[in-house]
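Thanks for passing this one along. Here are a few notes to read with the structure open beside you.

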Amino acid sequence: MKGYLKILAGEIPDIRFDGTAIHTYQTGPENPDLDKEIHDYIEMLRPFGYADSKIYFDEGMNYFSYTIPSRSMTPYSGNSGNGWYIGMLSYDTGKSEKMAAAFTIRHYLPMLKYAKNATCANDFSHLWNFFDYDLTMNVKLTALNVLANMLGDADYRETLNFAPNARCYLSENADKVPTAVVWGFDPRVDARTKPAPVFRFDFKNGRIYDFMGRPAANTEKGPVSLVLGPWPYYVTGAP
């Protein structure tokens, strides 16, 4: 992209584009770190006058909902299920489907952080995330709808770094209600080869929901401790 923009700037400088498009297929949302990748991409665009332009994330993610070793298909490697066009096999939700949902939500979050630029964000697996012709959503799409409902019209405010292999994005909606999305991303925890750490939520009047939008705890009566694994929590506070 950088080389292409250099050529255009030198040979036909009068041509300007509405924006740029990139595909964000990668091993996982933090491998490499998608947040940093988007930041670096925007900074790469800056000398050419596109730092504030639209970015179309028109393909990416595709974290496979099943683990099929003979085909090297797994949620732990983005787009490894590229050849799968069969759709969902069962209404039952297994471990791989839950992991694919976690990766998908964690992939969307950095794009929401850079919402000023992000014009669209398309999960390439969207066509086969339904169970049937009634468009019954699988866990991945359900979790994505929870993300939209929990954040609503909230805008990103800041990133809070509080522990290794953990991240927190703080947003605030039009009514000044803060919502923090908190998750861990230790590859060993993701792969279930290491226990997830326990994090103490030590603040007042917070309501905590799991990544499916179910109440997990609240801090009205004091601090609570929760396992910080690969599935994000939503923590809402008071204005």
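Which residue in strand 6 stands opposite Tyr-169? Please keep in mind that this is a predicted model.

1. The residue opposite Tyr-169 is Val-181. The two strands around this spot, strand 5 (residues 166–172) and strand 6 (residues 178–184), run antiparallel and are joined by seven bridges.

2. Six strands form an open sheet in the order 4-5-6-11-8-9, and the pairing is antiparallel. At its edges sit strand 4 (155–160) and strand 9 (215–218), each pairing on one side only. On average, neighbouring strands of this sheet are turned by 25° against each other, direction ignored.

3. Have a look at helix 4 (residues 139–151) too. This helix lies across strand 5, strand 6, strand 8 (207–209) and strand 11 (233–236). With strand 11, helix 4 makes an angle of about 15°.

4. Asn-117 deserves a paragraph of its own. You will find Asn-117 in the loop between helix 3 (95–113) and strand 3 (118–121). Its relative accessibility is 4%, so Asn-117 counts as buried. A polar atom of the Asn-117 side chain lies 2.9 Å from the backbone oxygen of Ala-51. Leaving aside residues up to four places away in sequence, Asn-117 touches Ile-42, Ala-51, Asp-52, Ser-53, Lys-54 and Ile-55.

5. A word on cysteines: the structure holds zero disulfides. Cys-168 has a relative accessible area of 5% and is therefore buried.

Conventions. Residues numbered from 1 in each chain as written. Predicted model: local features only at pLDDT ≥ 70, side-chain atom pairs only at ≥ 80, totals over all residues. Heavy atoms only, no water. Disulfide = S-S within 2.5 Å. Buried < 20%, exposed > 50% of the residue type's maximum accessible area, 1.4 Å probe, protein only. Pairing = 2+ DSSP bridges. Helix = DSSP H or I, 4+ residues; strand = E, 2+ residues; numbered from the N terminus. Axes fitted to C-alpha atoms, helices over the stretch in contact; angles between N-to-C directions. Contact = heavy atoms within 4.5 Å. Polar contact = N/O pair within 3.5 Å; in protein donor to acceptor, adjacent residues only side chain to side chain.
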